[in-house]
Structure formats: structure tokens, C-alpha cells
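This report describes the side-chain contacts of one protein model and its ligand. Please read it beside the sequence and the structure shown here.

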Amino acid sequence: MKKTWWKEAVVYQVYWRSFLDTDGDGYGDLEGVIRKLDYIKELGADVVWLNPCYGSPDVDNGYDISDYRSVMPKAGTMDTFERLLKEVHARGMKLIMDLVVNHTSDKHPWFIESRSSKDNPKRDYYIWRKEANNWRSYFTPSTWEYDEATEEYYFHSFAVEQPDLNWANPQVREEIYDMMRFWLDKGIDGFRMDVINLLAKQEGFPDAENPDDISYLGNNPGIHEYLHEMHDRVLKHYDVFTVGEIPFVTPEDGVLYVGEDRGELNTLFHFEVLDYMAHWDMKKFKEIQKRWYDGMWGKGWNSQFMNNHDHTRVVTRFGNDREYRVESAKCFATLTHTLPGMPYVYQGEEIGMTGVRYPSIDDYNDIALKNKYKEEVAKGRDPQEVFDSLLHLARDNSRTPMQWDESANSGFSEGDPWLKVNPNYSEINVKQALADRDSVFYYYQNLIRLRKENEVMVYGSYEPILEDHPQLYAYFRALGDEKWFVLLNISEQEVRAELPEEVASRLGETIVRNYHKADTLVLKPYEARVYRI
Ligand code: GLC
């Protein structure tokens, strides 16, 4: 397989509005990111992925863009952005930005024009129809919003305030390519592409048999032509890295997006784990990893991530955020950093930050949660029951401010934070983590360092054993003469590992472990070990 810098990289995701507030407005900002670059560097990350910081009314936290070529005042100015980019590069790291081009904000000048009249030149920049079909959007009961002014419906895959662009219109595509060049020419190192497989729409918008299965929104005919064109016209002229956010995708389709011979994207995020596994399910998880490895290995590159700004923090969702918080954080870190694919660390994951449970819907901010809550309550359901049922996967779980130290608002802001700080910040914070050699932080740092020194973690083959074991996850990574054996107990019980004799007798040096003693094959709760064979 071809070696590239990005295959060997570890990405650190910065949700800037929750990272560090330097001007006291309660929102993190790009200046805050600059101040903490040394921290990200110390962790060892190679690439910073910055969530959208473009001009936006901020209905969906920056994913509703009204000006692609400016910086949102909450985040800073173009000058701050340029300094950030320079400072990232000065530390030998790279910066990728979020590219949100499936939709804009309804306050984007294109949409304001588009909705103004049927014969406006920008009318066809968006998708207008006389009738709605029965599709659901991600955030609302219908993908269609009726607009009085011209008596037609426009299409939106997300909120009403996020109308979808009409990618079938070549002028739209040109505008987007131009905008991409604008940022690439500033020197950024690539894009994380928001719901990029949604760009092409189904011809004629036929009603769905089951409108609740919204997979009709993605992977439609024409998508590969668009992505190929984007690559051809823009991406291939720069040395950059792209990762597509691609829901509803199988490995067979995955290679169509990221196959090395395809000229589309470099890597992808699939959501077979985070969209379909509310709680830990060992059997399913192993099956997903195996299928994706078999389908992609040697053809295209995968990603490994257990949480992000849309998905509840890993220790709360899949681990144990109470008595085994540190152990389970380290155990899942071992998993994401030793499975095949690029590891992503979402800010705060590296100190084992946890999800939240605030008492009232008013303590939450996310539009997805609030819309769903309203929709269900309007059906006559008990508000408390609706609220309780939504909390586990609420997106705000991972959006609470970064916990830097034990001072007011966790050192995040001197103002009033846009989203409440997790009350556990006096115990869980960066200052504490940096002062403790045994912390989750240093465990991540070690895993990232190991990746730089051992190509087997990047390019090694993957071979699972004990595939039906309900608590243990065990696999080999091998490259040339180097063979590693990863053994994880993803459960709260002690488990004896009954390993095949040819494995047990060949266990060599322990390269990684999250408990001090690892001398028998009885694994403690969430124990993780990596052996050299
Ligand atoms: C992606 C983003 C999410 C956003 C949505 C609409 O899934 O990660 O935060 O709400 O796209 O842009």
C-alpha cells in the first residue's frame, strides 16, 4: 500500500466554541486555539480539524453558513485565522477545515435571492418543488418547507434554516470550487467534508416506503461524478488530505468514495458504530471492524473514532464514566489507536471527559435535541419521559466546555459559557492530567508516539481471534517481521483469557498496558494490553 503522510497522522478535533474563550463572550475562539496549540503538540497530534468558523447565524453551531469567505465574529477575524494557520504550521502540524457544502444558511445571500422570485437567477441554486414528498429530514418531520413568497417548497436535509444546495446546477459547483480554492490558497491542508455523500439527490423525489429510514438522503446517482469533478478541478492541484463524513455507507460503497484509484476522497467516516450502536455491543463492533477491514484493506483508507461533536463521549456511551472512567478511557484509546485506520481524538477525550445530565431541556442548546423534543411532546407524550429518553445520545454531551483546570468555569471562560461546564471539572481537567504521570493524557501521548515509531500500527494487517468472545477483543497487527497482539477486556468483570497455545507461548514484551501489573492472563475490568509477539 502506498505510504502517505496522512495515513500516518493522528487528528485532533477542535470544537473551537468549547475550547478556550479569550475575550469573555462565553464562546471559545480561534485566539484560544492558538494559545493551546502547544498543548495539542504535546499530545502528539499531527493534524488539527477545526469545526466550521465561517460567517453563520449559528442555528446549528456553524453548520449553517451565510458567508463562506469570512470568519464568524464569535470565533475571531480573518487575521486571527491566518495567525492560527501560521502557528499550526510553525509547530509542524497541519490544519484541516470543515467544508459544509450540502447546504447553506437560509440567510446566505444566494438563498435570499433564490427565494425572492421564481425567475431570480439564483432560483436554481436550491431545490424548489410544487409538492412535498413524505421524506423526513435529520432534524424535522419533513425535508420540505413551504415558502409563501413563491408558493413552493424548498428542500432541506437538516433544519428548516439549512436549505440544500442544488448540486445539479453547474454554477453552484463552480462557486463551491472557487470557495475551496480561496481557503486552499491560504495554505490549509485539507477538508473534513460535512455529509458529503448527500450532495446528489434522488431523481424525482419518490415517496419512501419507510420515511423513518432516512438513508434515501445519501449515496444517490451522480455523487461520484460530483466528487470526481471536485477532485479534478480543485483537490488534485494541492497536497491536501480529505475525509468525508459519509453516513449510510457499506464498505463496498466506501471504496467507491476513497479507493486509491478513484480520484475522489482520501478517507471517510462511516457511522456503522456511532449511528447504530447506542450502547456497547461487542459482537456487532467486531463484525463491523472485520467487514470494513476485509472490504477496504489495500484499496482505501479508513478512520477510527469513538466520539465527536455529534456523538456522546466514549467513556459515558461505551465505557464506564464512574469507577472505571480512567481504565475505560485508556481501553478505548488503545482500541482506536491500534485498529486499522487513522485515529481521531476529540477534544477532551484525551483527559477522559464525560457526558452530562442536566436537569432541564433549557440547560441544553442543540437544535437536533430541541427539535426532536418539541416534535415528540407535540404528539402528546410526557415531556419528562421524552427528555429522559433523549439524553443518552444528546449531542451536547460532547459539546460542553473543555475542562482546563479547577478555577471558575473550568478555566474555559471568564464570561458566561454558552453551554454549562460539566460539574465534574474540579476533578477532571487538563491541569490535573498533566500533573499525573498515570493520567489518560499521557496514555494517549504514548499511543501517539508509538504510532510514529512503529509502522505496524499504521500499515500492519489486522487479524482478529476469539471472535465470539463477549468480553475480550483480541487481534494481531503484523507488518514484515513485526507482529503485535492487542488484548482488551471491554467489560466490568475480571476475565481470564484462554488464548490458543501458539499465541500464549509467544507473548513477548508488553508494549502498552493500562494497569501496572500484567503478569497473568486474568484481565481486570477494561484492561488493555498490547504485546509484541
Ligand atoms: C454533520 C455535522 C453536524 C451538523 C450536520 C449538518 O453531521 O457533523 O454537526 O449538524 O452535519 O451540517
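## Asn514 and its surroundings

A polar atom in the side chain of Asn514 lies 2.8 Å from the backbone nitrogen of Ala528, and the side chain of Asn514 also reaches the backbone oxygen of Glu327 at 3.3 Å. Both are polar contacts, a term for a pair of N or O atoms within 3.5 Å; within protein, one atom must be able to donate a hydrogen and the other to accept it, and residues adjacent in sequence count only if both atoms are side-chain atoms. Asn514 is found in the loop between strand S18 (510-513) and strand S19 (522-523), where helices (H or I, at least four residues) and strands (E, at least two) are DSSP runs numbered from the N terminus.

Asn514 counts as buried at 9% relative accessibility; buried means under 20% relative accessible area, exposed over 50%, and partly exposed in between, with a 1.4 Å probe and protein chains only. Apart from neighbours within four places in sequence, Asn514 is in contact (heavy atoms within 4.5 Å) with Glu327, Lys330, Cys331, Tyr443, Tyr526, Glu527 and Ala528. The C-alpha atom of Asn514 is separated by 16 Å from that of Ala474, a residue 40 places away along the chain.

## Basis of the values

The model is predicted, and local features need pLDDT of at least 70, side-chain atom pairs count only at pLDDT 80 or more, and totals for chains, interfaces and linings use all residues. Residues are numbered from 1 along each chain as its sequence is written, and side-chain values use heavy atoms, with hydrogens and water left out.

The ligand is surrounded by 13 residues, of which the closest are Asp60, His103, Asp194, His309 and Asp310; a residue is near a molecule or strand if one of its heavy atoms lies within 4 Å of it. An N or O atom in the side chain of Asp60 is 2.5 Å from an oxygen atom of the ligand, and for the side chain of Asp310 the distance from such an atom to a ligand oxygen is 2.5 Å. A polar side-chain atom of Arg395 lies 3.0 Å from an oxygen atom of the ligand.

Arg395 is also one of the residues in contact with Asp366, together with Asp396 and Arg399, when neighbours within four places in sequence are left aside. Asp366 lies in the loop between S13 and helix H11 (367-378) and is buried, with a relative accessible area of 2%. The side chain of Asp366 reaches the backbone nitrogen of Ala368 at 3.1 Å.

## Aromatic pairs and charges over rings

A search of the whole structure finds 50 aromatic pairs, in which rings of Phe, Tyr and Trp (its six-membered ring) have centres within 6.5 Å; planes under 30 degrees apart count as stacked, over 60 as edge-to-face and the rest as tilted. Tyr138 and Phe158 are stacked, because their ring centres are 4.4 Å apart and their planes at 10 degrees. Tyr138 lies in the loop between strand S6 (128-129) and strand S7 (144-147) and Phe158 in the loop between strand S8 (152-155) and helix H5 (170-184), so this pair ties together parts 20 residues apart in sequence. Phe158 is buried at 7%, whereas Tyr138, at 27% relative accessibility, is partly exposed. The rings of Phe269 and Tyr344 form an edge-to-face pair, because their centres are 4.7 Å apart and their planes at 75 degrees. This pair links distant parts of the chain, with Phe269 in strand S11 (residues 267-269) and Tyr344 in strand S13 (residues 342-346), 75 residues apart. Phe269 is buried at 2%, and Tyr344 is buried at 3%.

Ring pairs also link a cluster that includes Trp280, Phe285, Tyr293 and Trp297. The charged end of Lys36 sits over the ring of Trp404, 4.2 Å from its centre, and Lys94 lies over the face of Trp5 at 4.4 Å from the ring centre. A charge sits over a ring if NZ of Lys or CZ of Arg is within 6 Å of the ring centre and within 35 degrees of the ring normal.

## Ser157 and the cysteines

Ser157 lies in the loop between S8 and H5 and counts as buried at 0% relative accessibility. A polar contact of 2.6 Å joins its side chain to that of Asp164. Beyond its neighbours within four places in sequence, Ser157 is in contact with residues including Asn102, Tyr138, Asp164 and Lys201.

With a disulfide taken as a pair of cysteine sulfur atoms within 2.5 Å, the count comes to zero. Cys53 is buried at 1% relative accessibility, and Cys331 is buried at 0%.
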